[in-house]
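Here is a short note for someone opening this structure for the first time. Please read it with the model in view.

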Amino acid sequence: LARGVREPDLAGRHVVISAGGTREPLDPVRFLGNRSSGKQGYALARTAAARGARVTLVAANTALPDPAGVDVVPVGTAVQLREAVLKAAADADAVVMAAAVADFRPATYAAGKIKKRDGQEPAPITLVRNPDILAEISVDRARPGQVIVGFAAETDDVLANGRRKLERKGCDLLVVNEVGERKTFGAEENEAVVLAADGGETPVPHGPKEALADTVWDLVAARLG
Ligand code: CTP
Ligand code: CA
């Protein structure tokens, strides 16, 4: 094989990746969102396609070019992302939840733009919980042997929090990275530890998001057998 061309070890596999960050609308012009660029999810999609997989990329509010040969499903909110992931996961060998899913959404949506009025205090915003998609697909697997991967960004006690989160979600692998003001969000590079439900711990040194993506696929491919 030529340099940079990978063994097609995911040929015949269907993998689903969520990327980006959900936006939860308050009114037609405003939303609650987060700072996920989608770059890690897109790197996962490109590398999986390069390794021969059929790829469905559920993309939440990203501004990145569609990777060649990848089926891109655009979504906005967490509820829409859940629908798209559940649909695509039905026949998937692996699901990787790289998207930043809003934990909460505004309890109500104003059909018209919310206006301020002189002398009036702003109304508080009431939030309700969004569904936990990763936990749901992990507990209730669409197919036996389906491999499910989550991502977690932590600021403190990264490994201990990651281990607890892996158990709580019930997924097979959890990619944990440490975040700070200048780490991870929008960056081209990443540094992480991949925790496995079987106790495994794979450190991934600081490097391009493609390298982390390839490590994730190595671990997924090993579990698919
Ligand atoms: N996730 C999800 N559905 C949600 C929230 C998160 O599927 N409603 C997924 C994310 O895509 C990610 C993983 O769960 O793969 C971990 O997300 P994270 O925000 O770290 O976990 P939470 O359980 O929301 O915990 P925290 O309170 O730390 O935000
Ligand atoms: Ca969260």
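The points below take the sheet, the helices and the ligand in turn.

1. Ground rules. This is a predicted model, in which local features need pLDDT of at least 70, side-chain atom pairs count only at pLDDT 80 or more, and totals for chains, interfaces and linings use all residues. Residues are numbered from 1 along each chain as its sequence is written, while chains are lettered from A and ligands numbered from 1 in the order in which they are written.

2. The sheet. Eight strands form an open sheet with mixed pairing, in the order β5-β4-β1-β6-β9-β10-β11-β12. Strands here are DSSP runs of E, at least two residues, and helices are runs of H or I, at least four residues, numbered from the N terminus. Two strands pair if DSSP finds at least two bridges between them. At the edges are β5 (71-75) and β12 (201-208), each pairing on one side only. On average, neighbouring strands are turned by 20° against each other, direction ignored.

3. Inside the sheet. Strand β6 (residues 94-97) runs parallel to β9, and four bridges join them. Valine 149 in β9 stands opposite valine 96.

4. Helices on the sheet. Helix α2 (residues 78-89) lies across β1 (14-20), β4 (54-60), β5 and β6. Its direction is at about 175° to β4. Helix α4 (residues 158-169) lies across β9, β10 (173-178) and β11 (189-196), at about 150° to β10. Angles run from 0 to 180 degrees between N-to-C directions, with axes fitted to C-alpha atoms, for helices over the stretch in contact.

5. A helix pair. How do α1 and α5 pack? Helix α1 (residues 39-50) and helix α5 (residues 209-224) have axes 8 Å apart and an angle of about 60°. That makes α1 oblique to α5 (under 35 degrees is roughly parallel, over 145 roughly antiparallel, 65 to 115 roughly perpendicular, the rest oblique). Among the contact residues are Ala43 and Leu44 of α1 and Ala213 and Trp217 of α5. Contact means C-beta atoms, placed from the backbone, within 7 Å.

6. The ligand. Which residues come nearest to ligand 1? Of the 13 around ligand 1, they are Met97, Val101, Ile133, Leu134 and Gly150. A residue counts as near if its C-beta atom, placed from the backbone, lies within 6 Å. Both α3 (133-139) and β9 (147-154) give two or more residues to this shell. The largest share, three residues, comes from β9.

Terms used. Contact = placed C-beta atoms within 7 Å.
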